[in-house]
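Subject: Structure handover

Hi,

Here is the structure I promised to pass on to you. Please have it open while you read the notes below.

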Amino acid sequence: MQLPEFVELGDLLEPFSRRGIDLDLSRLQAALAAAGHPEQAYPAVQVAGTNGKGSICTMLGSILQQAGIRSGLYRSPHLVSWCERIELNGRWISAAALRQGLESWQPWGQQQALTPFELLTGVAFSAFAAEGIELAVLEVGLGGRLDATTCHPDRRVLGIANIGLDHCEHLGADLETIAAEKAGIFCPGAVAFSAAQVEPVARVLEAQARERGCRLEWVEPLNPQQPLGLLGEWQRSNGAVARAMARELARQGWPISAAAIDQGLAMARWNGRLQRCRWQGLELLIDGAHNPPAAEALRRSLDLLDAGTPRQWVLGIQAHKDGAAILRALLAAGDQAQIVPIEGCRSWSAEALQQACPELAPQLQACSSLNEGLSQLRPGPGLPVLAGSLYLLGQAWNTLEIDTCS
């Protein structure tokens with residue numbers, strides 16, 4: 001799916017970095033009441049987790065499109081344009097409509113001191129109501145219990161993506177605490193689906209589901225014969241969650257056929273997730289891999305493609321991420337990595353990574369810019385990979401030959 005054009009919203013949306021993370025439900029609930037409760041115009045499904053939330057939402061949204069159901073998708077973060085966060089019945093919200101929505105929401109946002117994410121969530125809820133959508137697909141931004149998307153009152157089918165250690169400064173320092181925050185989306189009478197989780201996470205999810213009166217079902221990864229539009233072995237588990245959610249919606253009366261599910265899974269596209277592109281004629285792979293679990297999943301998928309083949313990397317990792325763990329997960333013996341800064345973000349330097357991972361120091365080279373790092377790549381037996389941050393992919397996007405992406 002071609003990305004929308006960049007849209008400047010600095011006059012309507014304060015920088016995320018200025019406000020920081022401030023999880024709460026009461027502010028947006030009050031603003032939604034003032035706005036006439038647009039979120040009450042349609043039911044929703046919601047997806048939480050650490051890695052794979054956006055992929056699950058994308059695959060489920062594709063299924064709903066194939067079924068002819070008017071749906072709205074709300075996802076984050078974006079690669080290039082704020083418009084990527086709101087999809088209306090298969091198309092991005094227009095820049096004009098997004099600006100109009102933000103302008104309309106300014107009084108309520110100022111009155112309740114909404115965070116930028118809360119403000120965008122309110123705009124999405126209003127846009128879905130104005131579009132007359134029948135079902136909203138909501139990706140949790142951070143956590144779940146206190147995430148703005150949890151303000152929606154009718155979340156009857158839920159999905160849980162892989163849960164791992166990330167955003168520990170906001171969600172907790174251990175898997176159990178993080179899992180409990182994400183299980184906060186469980187609500188009485190709802191049905192939740194999850195692929196396999198590590199034992200501490202699974203135990204918390206089971207306990208939280210019982211406590212909250214939510215039925216939790218576990219699903220197995222899709223078999224290799226199931227056509228899937230998204231590359232990566234981890235997408236088999238994400239696809240299984242999306243399929244289970246669709247099947248549950250069908251049981252609840254939504255007109256979703258088995259053929260629509262198969263077609264939706266096969267036709268799903270989500271940019272920046274193990275995607276083939278070209279840079280100045282050189283074929284490469286791009287993937288966010290912005291935390292250790294995502295990096296481990298990417299490495300497993302690459303090993304399935306061509307295990308043992310030395311690989312070239314261009315890596316940019318935000319400074320607040322566990323750069324050492326990400327690097328150790330990604331690099332194999334014989335790999336070489338160009339370490340680049342991420343525009344507008346504090347980033348790990350090559351020197352800092354060499355100190356944190358002395359055993360990998362000879363495999364790392366410092367580059368002053370993304371363009372310099374990409375220019376160091378050469379054709380080889382294994383496709384080069386650009387990874388480490390979705391912000392990095394967004395920075396690179398306009399330099400890639402997008403039309404060749406699969």
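Let me start with a buried side chain: N291 counts as buried because its relative accessibility is 0% (buried means under 20% relative accessible area, exposed over 50% and partly exposed in between, with a 1.4 Å probe and protein chains only). N291 sits in the loop between β10 (282-287) and α11 (292-306); helices (H or I, at least four residues) and strands (E, at least two) are DSSP runs, numbered from the N terminus. The side chain of N291 is joined to that of N51 by a polar contact of 2.9 Å. By polar contact I mean a pair of N or O atoms within 3.5 Å; within protein, one must be able to donate a hydrogen and the other to accept it, and residues adjacent in sequence count only if both atoms are side-chain atoms.

Before you go further, please note that this is a predicted model, in which local features need pLDDT of at least 70 and side-chain atom pairs count only at pLDDT 80 or more, while totals for chains, interfaces and linings use all residues. Residues are numbered from 1 along each chain as its sequence is written, and side-chain values use heavy atoms, with hydrogens and water left out.

R27 is another one to look at, in helix α2 (residues 26-34). R27 counts as buried because its relative accessibility is 13%, and its side chain makes a polar contact of 2.7 Å with the side chain of E118.

Now to the strands. Strand β5 (residues 135-139) is mostly covered, with five of its five residues buried. L135, V137 and E139 point one way from β5, and A136 and L138 point the other way. In a regular strand the side chains alternate between the two faces of the sheet. Two strands pair if DSSP finds at least two bridges between them. Strand β1 (residues 44-48) runs parallel to β5 and is joined to it by four bridges, with V47 having E139 as its bridge partner in β5. Strand β2 (residues 71-74) is also parallel to β5, again with four bridges, and here S71 stands opposite L135.

Strand β7 (residues 191-194) has V191 and F193 pointing one way and A192 and S194 the other, and all are buried. Four bridges join β7 to strand β6 (residues 155-160), and the two run parallel; V157 stands opposite V191. Four bridges also join β7 to strand β8 (residues 215-218), likewise in parallel, where R215 is the bridge partner of V191. Together, β7, helix α8 (residues 199-212) and β8 make a right-handed β-α-β unit: with the strands pointing away from the viewer, the path from the first strand over the helix to the second runs clockwise.

Which residues of helix α7 (residues 175-182) are buried? They are I178, A179, E181 and K182. These cover an arc of only 160° around the axis, so they lie on the same side of α7; the arc is that of the directions from the helix axis to the C-beta atoms. D174 caps the N-terminal end of α7, with a side-chain oxygen 3.2 Å from the backbone nitrogen of E176.

Best wishes
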